[in-house]
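Here is a friendly briefing to read alongside the model. Keep the viewer open as you go through the points.

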Amino acid sequence: MAAFGALDLRIPSDVAQIEPVVAEIVRRCAAQGFNHRQLALNLPVALTEALSNAILRGNGEDAAKSVRVRVSMRDAELTVEVEDEGMGFDLEACTGDPTLPENLEKEEGRGLFLMRALMDRVEAYRANGYVVRLTLRCGGHAA
Amino acid sequence: MSLHVTRQGDSLIVDIEGQLIVSNRQELKQRVLDEAESGARKIVIDFARTGYIDSAGLGVLVSLAKRLRELGGDIRLANLNDDLQTLFELTKLDTLFQISDTRERALESF
């Protein structure tokens, strides 16, 4: 199995940046034995949610702000840290249940729910900016 | 993402090729709303060539279904692969939409 090339990059606060970054991370994971479901659903959807949250909510699409993305793998566990320049949010308080009947027809409110459903762990902490850390075990979690 | 729109009888079929995500969801929303303004009421969205969908993409589908139903029409979904089907089940949106395994069945369901 090829060694996993860690990534550390900074992208502008532009949602057009999301798809190529996600594609690159998924491409690296494909060489590590992640299963089809993880490569086609868990990783791309959860990564897209984390990046769009950082760009739209954290940085408010401010062109002067950037998002840092760090990707590493250790002991068959992928870690992706997405850091924005925003004030942060309460991960627990902001994760609603979009599957409740009263929420089902709402256009928004599924992002954090999906991140948590599709990853093994989702954590958030303050560093230089606000960091959301996603963890997925290779071949393990399958929605 | 690219959209391919075709008419079949009084129905409209929208093929989504690529990812339906936050960066392109407005394109789908505007195209379908324009068609609805022009009188389209039966719309099938075909996901045979769709990669993944994020929460923004799901939100647009919910929003479009609400609008079409207000106008007396509806949206039907077709050709979801196993991963997309799982996404709809996780979010329980499989209870909000009628989902068919082929576009022909989706057209017949109106």
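How many residues does the contact take from chain A and from chain B? The contact takes 23 residues from chain A and 20 residues from chain B, where two residues are in contact if their C-beta atoms, placed from the backbone, lie within 7 Å.

This is a predicted model, in which local features need pLDDT of at least 70 and side-chain atom pairs count only at pLDDT 80 or more, while totals for chains, interfaces and linings use all residues. Residues are numbered from 1 along each chain as its sequence is written, and chains are lettered from A and ligands numbered from 1 in the order in which they are written.

**The side of chain A that touches chain B**

- H1, H2 and helix H4 (111–118) of chain A each supply at least two residues of this side; helices (H or I, at least four residues) and strands (E, at least two) are DSSP runs, numbered from the N terminus.
- H2(A) gives the largest share, eight residues.
- By class, this side of chain A has twelve nonpolar, four polar and seven charged residues. Ala, Val, Leu, Ile, Met, Phe, Trp, Tyr, Cys and Pro count as nonpolar, Asp, Glu, Lys and Arg as charged, and the others, Gly among them, as polar.

**The helix pair in chain A**

- Helix H1 (residues 18–30) and helix H2 (residues 36–58) of chain A pack at about 140°, with axes 10 Å apart. Axes are lines fitted to C-alpha atoms, for helices over the stretch in contact, and angles run from 0 to 180 degrees between N-to-C directions.
- Residues of H1(A), including Val22(A) and Ile25(A), meet residues of H2(A), among them Leu43(A) and Leu47(A).
- This contact of H1(A) with H2(A) has twelve nonpolar, two polar and no charged residues.

**The sheet in chain A**

- An open sheet of five strands runs in the order E1-E2-E3-E5-E4 (chain A), with antiparallel pairing; two strands pair if DSSP finds at least two bridges between them.
- Strand E1 (7–12) and E4 of chain A are at the edges with a single partner strand each, so one side of each has no neighbour in the sheet.
- From one strand to the next, the twist averages 20°.
- H2(A) packs on the sheet and touches strand E2 (66–74), strand E3 (77–84) and E5 of chain A. The direction of H2(A) makes about 175° with that of E5(A).

**The hairpin**

- Strand E4 (residues 121–126) and strand E5 (residues 130–137) of chain A pair in the antiparallel sense over six bridges.
- Three residues form the hairpin that joins E4(A) to E5(A).
- In E5(A), Tyr130(A) is the bridge partner of Arg126(A), and Val131(A) is that of Tyr125(A).
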